[in-house]
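Hello,

Here is the structure for you to look over. Please open it first, then read my notes below.

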Amino acid sequence: MTFKDKLLSGNFVITAEVTPPRGTNLESFIKGSLLLKDSLDALNVTDFQNVGVRITSLVGSYLLLKEGIEPIFQITSRDRNRVAIQGEVLSAYVLGIRNVLVLTGDYTTTGIMKDAKPVFDIDAINILQFIKNLCEGRDSAGKKLSGAPEFFLGAVFNPNLEPLDLEISKLERKHRAGAEFFQSQLFYDLSLIERTREKIKDWEPRILAGVTIFKSKEMFEYMINKVPGIKIPKEIIEILEKSKDIREKSIEICAEFCMKIKESKLLNGIHFLASRPVDILEVLRLLKWKKEESSNVEAI
């Protein structure tokens with residue numbers, strides 16, 4: 001079954017993001033991705049993560065496909081206008097890529113290349129609408145396509161933002177524009193998802209919960225201070241700050257929260273953000289997770 005088939009049939013799925021290399025050496029990217037191949041349902045390939053120069057998400061997704069790994073191709077509007085976005089999406093389909101996650105993208109001032117000029121010709125909702133048009137055989141200028149793609153479209157959802165009702169409204173607009181699944185920002189409060197479910201009555205969004213494993217104190221401090229839209233509870237911050245081994249404690253906290261996520265039945269899966277493959281596998285080991293049991297996940 002594909003990632004789409006699993007999610008639409010009600011399976012609890014697990015995905016993770018991987019970052020294309022900064023340079024032409026592919027060894028670490030491929031090796032790390034292959035470590036996750038037999039344990040996860042799909043891998044997101046980030047799009048110029050942290051505003052840094054890297055191999056593109058399109059090429060990274062294609063490389064994963066060649067290795068037998070199902071990719072989720074990420075695309076943002078920060079670095080491309082509507083022409084480039086639609087052209088790259090069509091190219092992805094020709095290369096065999098079927099899952100697309102759409103984001104507006106963070107401002108360049110939040111990342112490495114702060115002086116880069118952002119594009120933001122359109123936002124995530126526009127991108128979804130444009131891709132939906134492509135799937136119906138026309139581009140955003142109304143030109144008829146010779147052959148139309150067919151994608152499983154996703155978008156992001158941040159339950160940490162306030163007011164939550166505004167973010168829920170965006171989630172609904174993204175759904176109407178074509179998004180069939182959502183991956184969330186890192187969060188720790190399940191009541192936010194409960195409130196979201198209560199607000200949406202006429203459909204059930206398929207949401208994968210964003211979780212992460214802090215590999216070091218530096219990463220922990222960076223995520224708290226530099227990454228927009230993240231909210232970590234005070235008690236977890238205190239536990240991690242006092243721990244002798246922040247990675248080990250973070251794996252423990254992540255595994256416990258993943259267990260709560262599964263037991264809550266509020267979410268449709270887990271999405272590992274900015275986590276090393278070896279650490280993800282350690283969390284899955286604690287959860288006794290096996291990919292082939294994704295339709296019968298009593299073990300998690």
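Start with Cys-254. This residue counts as buried, because its relative accessibility is 4% and the cut-off for buried is under 20%. Keep in mind that the model is predicted. Cys-254 is found in helix 10, which covers residues 246-264. How far apart in space are Cys-254 and Leu-286? Their C-alpha atoms are 10.0 Å apart, while the two residues are 32 apart in sequence.

Next, strand 3. This strand covers residues 71-76 and is mostly covered: six of its six residues are buried. In a regular strand, side chains alternate between the two faces of the sheet. Both faces of strand 3 are covered. On one side sit Pro-71, Phe-73 and Ile-75, all buried.

Which strand is joined to strand 3? Strand 2, residues 42-45, runs parallel to strand 3, and three bridges join the two. Leu-43 stands opposite Pro-71 of strand 3.

Now the surface. Glu-218, Glu-221, Glu-235, Glu-238 and Glu-241 form a negative patch there. Helix 8 (217-225) and helix 9 (234-242) are the elements that each give two or more residues to this patch. Helix 9 gives the largest share, three residues.

Take Glu-238, which lies in helix 9.

Best wishes

Conventions: Residues numbered from 1 in each chain as written. Predicted model: local features only at pLDDT ≥ 70, side-chain atom pairs only at ≥ 80, totals over all residues. Heavy atoms only, no water. Patch = residues over 30% accessible without salt bridge, like charges linked within 9 Å, V, L, I, M, F, W, Y side chains within 5 Å. Areas by Shrake-Rupley, 256 points an atom, 1.4 Å probe, with all protein chains shown as cover. Salt bridge = Lys/Arg side-chain N within 4 Å of Asp/Glu carboxyl O. Lys, Arg positive; Asp, Glu negative; His and termini not counted. Charge placed at Lys NZ, Arg CZ, Asp CG, Glu CD. Helix = DSSP H or I, 4+ residues; strand = E, 2+ residues; numbered from the N terminus. Buried < 20%, exposed > 50% of the residue type's maximum accessible area, 1.4 Å probe, protein only. Pairing = 2+ DSSP bridges.
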